[in-house]
Amino acid sequence: MQSKLAQLVIFIYLITLCIPTMSYKVEPLPDSYAGLGEGPHWDVARQSLYFVDLEAGCLLRYDYRQNKTYRTQIEGETFATFVLPVEGNDQEFAVGCGRRVVIVNWDGVSPVAKVVRTLFEVQSDFKENRLNDAKADPKGRLFFGTMRYVGDEFTHRHGELYRWEAGGNVTVVKSDVGISNGLAWDEKANKFYYIDTTDYEVKSYDYDFKTGVASNPKVIYNLRKDSPKTHILPDGMTIDTEGNLYVATFNGSTIYKVNPNTGECLLEIKLPTKQITSVAFGGPNLDILYVTTAAKFDQPAPAGTTFKVTGLNAKGYPGVNLKL
């Protein structure tokens, strides 16, 4: 009996040696502070990470080759909720300003940028709403959402999720939204993933890449805990080449790597600050996970810093430029 027990102990020990351990490294980007950092977008052509300081109306660009961050103030604007390079024009960017999607001219270096035109405005009757997260889908269509920024977003669910493509009109994808947030697509699986923070969950949709139509929503990851006070708030999101999601949490100091097919959390990536707002893969090999954070409600340093996470043994996709 003792011999069999000893063999079992040795067997278990050998198995544990074979289980891979995940060793990742978290490092700050230089001069990357944003009071409410959001919207990271990796631009392959310029080997740069674009992101926003949302409530300051500022755009930022981290240049990988120079290891330097540039910052610009958009003239006359209070909000910059997202930034997307425009396809075919290396100095034009689509930016969310208030409830307007505008085109901003910026050379990526100058401290001041200017709005050159407005593409459209949504929810003009909802003065207490603003745009929030946005991305272009793999075909270059714009998906973006709104939220209430005055009062309680959990009670007043006046936000919406929209789709827009060049030559077309703005289409409502989903109403009854509290805080429209994370967006990701998987072309291999024909899926679209979406986060409304106030639902405390990640949903998957069947997605037609020819038409841009999302259907059949299904909850694939739930972040509810014992009570609303302890629920984890999902924020931005990205996807790797194996189809796993990376979900940022605004009140959790953690990015969850999730298998959307099983709902299993594969990895918890810990950050040295609480308010994790969004994530995007980038770098020359698309194997660096860039992370924006916030310093809301008097969070201590290093809150608001943008980080890079290496050693994840995963690769993602570059950001998609907006087609006008």
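User: In which sense do strand β3 and β4 pair?

Analyst: This is a predicted model, in which local features need pLDDT of at least 70 and side-chain atom pairs count only at pLDDT 80 or more, while totals for chains, interfaces and linings use all residues. Residues are numbered from 1 along each chain as its sequence is written, and side-chain values use heavy atoms, with hydrogens and water left out. Strands are DSSP runs of E with at least two residues, numbered from the N terminus, and two of them pair if DSSP finds at least two bridges between them. Strand β3 (residues 48-53) is joined to β4 over 6 bridges, with Leu49 having Tyr62 as its bridge partner, and the sense of the pairing is antiparallel.

User: Which residue takes a positive phi in the hairpin of β4 and β5?

Analyst: β4 also pairs with strand β5 (residues 68-74), in the antiparallel sense and over 6 bridges, and Leu59 stands opposite Thr72 there. The hairpin has 4 residues between the strands, and the residue with a positive phi, near 50°, is Asn67.

User: How many residues of strand β4 are buried?

Analyst: Buried means under 20% relative accessible area, exposed over 50% and partly exposed in between, with a 1.4 Å probe and protein chains only. In a regular strand the side chains alternate between the two faces of the sheet. On one side of β4 Cys58, Leu60 and Tyr62 are buried, and on the other Leu59, Arg61 and Asp63 are buried as well. Strand β4 (residues 58-63) is therefore largely enclosed by the rest of the structure, the buried count being 6 of the 6 residues.

User: What volume does the second largest pocket have?

Analyst: On a 1 Å grid over the protein atoms alone, a pocket is an open set of points where a 1.4 Å probe fits, with protein on both sides within 12 Å along at least five of seven lines, and lining residues have an atom within 4 Å of a point. Grid points are joined across faces, edges and corners, and a volume is the space filled by probe spheres set on the points. Of the 29 residues in the lining of the second largest pocket, those closest to its centre are Lys135, Tyr317, Pro318, Gly319 and Val320. The volume of this second largest pocket is about 460 Å³.

User: Which residues lie nearest the centre of the largest pocket?

Analyst: The largest pocket holds about 540 Å³ of space, and β10 (129-136) and β18 (234-239) are the elements that give two or more residues to its lining. Among the 25 residues of that lining, those nearest the centre are Glu153, Ile179, Phe250, Lys296 and Phe297.

User: Is Arg130 buried or exposed?

Analyst: An unreviewed UniProt entry lists Arg130 and Asn132 under "binding site", although such annotations may be inferred rather than shown by experiment, and both belong to the lining of the largest pocket. Arg130 has its place in strand β10. Because its relative accessibility is 5%, Arg130 counts as buried.

User: Which residues does Asn181 touch beyond four places in sequence?

Analyst: For "binding site", the unreviewed UniProt entry also lists Glu38, Asn181 and Asp235, which span 198 residues in sequence, yet no two of their C-alpha atoms are more than 10.3 Å apart, so they gather at one spot. Asn181 is found in strand β14 and is buried at a relative accessible area of 3%. With contact meaning heavy atoms within 4.5 Å, the partners of Asn181 are Glu38, Asn132, Asp133, Tyr194, Ile195, Thr197, Pro234, Asp235 and Gly236.
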